[in-house]
Amino acid sequence: MTNCGGCCCKNKPEDNTLKNLLAAYNGESNASAKYAVYSEKAKADGYLAIAALFAAASKAETLHAARHARVIKSLGGEAVADIGTYEGKAIDEMLRDAIAGETEEFTHMYPGFIAEAEQVGATAAVASFKGALEAEVVHARLYQEALDNLDAWKAPRKFYVCSVCGWTEEDAAPEKCPICGVSADKFLEF
């Protein structure tokens, strides 16, 4: 018999939810760190709207990580991230990297995590994963719009991030957050 180190054979199904939350926490924490670096590079390169978008997305990722951390703690775990080091790149490379990361999260990672959490009735984890997934769809769309028309993204633009769940909106905060329902006054401006 092969020794898997207890990763699958001895764990209860709900242990996968905790493992998935820890992976999501680490991923969101790293995305936040990376986007903060990308924001500074975009600003230095004169892409002020892209810099604001990366700053807003960095904050949103921090909020996703914080929500995951609360659920991890409620399950008896400890949220710890292994933050990598990141460098700014050419603007199109940063946007492609961000699109790839966000798309991976909302097409593969989070749907799998949601399915596993639903199987064990981990409703808090499901809510945390779903909220992040919905926000990542918006981030990917905005990054793609920027990549498709870089010159239009040099002038400043405003972005708004829900301070509760990380939903990101361009131009104005919605009257009510589409994910968590908080009012526009709870949104942060970037």
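Helices (H or I, at least four residues) and strands (E, at least two) are DSSP runs, numbered from the N terminus. The model is predicted, so local features need pLDDT of at least 70 and side-chain atom pairs count only at pLDDT 80 or more, while totals for chains, interfaces and linings use all residues. Residues are numbered from 1 along each chain as its sequence is written, and side-chain values use heavy atoms, with hydrogens and water left out.

**View 1. Helix α3 and its kink at glutamate 105.** Helix α3 spans residues 91–119, 29 residues in total, and reaches 41 Å from its first C-alpha to its last. This is close to the expected 42 Å, where the expected span is 1.5 Å times one less than the number of residues. A kink of about 45° is centred on glutamate 105; the bend at a residue is the angle between axes fitted to the seven residues ending there and the seven starting there. Among the buried residues of α3 are Ile91, Met94, Leu95, Glu102, Glu105 and Phe113 (buried: under 20% relative accessible area, 1.4 Å probe, protein chains only). Glycine 121, with a positive phi near 70°, follows the helix.

**View 2. The open sheet of 3 strands, in the order β2-β1-β3.** The pairing is antiparallel, and two strands count as paired if DSSP finds at least two bridges between them. The edge strands β2 (168–170) and β3 (187–189) each pair on one side only. On average, neighbouring strands are turned by 25° against each other, direction ignored. Strand β1 (residues 159–162) pairs with β2 over 3 bridges, and tyrosine 160 has glutamate 169 of β2 as its bridge partner.

**View 3. Helices α2 and α4 against the sheet.** Helix α2 (residues 48–74) lies across β1, β2 and β3 and runs at about 0° to β1. Helix α4 (residues 123–148) packs on the sheet, touching β1 and β2, and its direction makes about 35° with that of β2. Axes are lines fitted to C-alpha atoms, for helices over the stretch in contact, and angles run from 0 to 180 degrees between N-to-C directions.

**View 4. The largest nonpolar core, of 35 residues.** A nonpolar core is a set of buried Ala, Val, Leu, Ile, Met, Phe, Trp, Tyr and Cys residues joined through side-chain atoms within 4.5 Å. Tyr35, Ala42, Ile50, Phe54, Leu95 and Tyr143 touch the most other members. Helix α2 gives the most to this core, with 10 residues. Leaving aside neighbours within four places in sequence, phenylalanine 54 is in contact (heavy atoms within 4.5 Å) with residues including Tyr38, Met94 and Ala98.

Methods:
Buried < 20%, exposed > 50% of the residue type's maximum accessible area, 1.4 Å probe, protein only.
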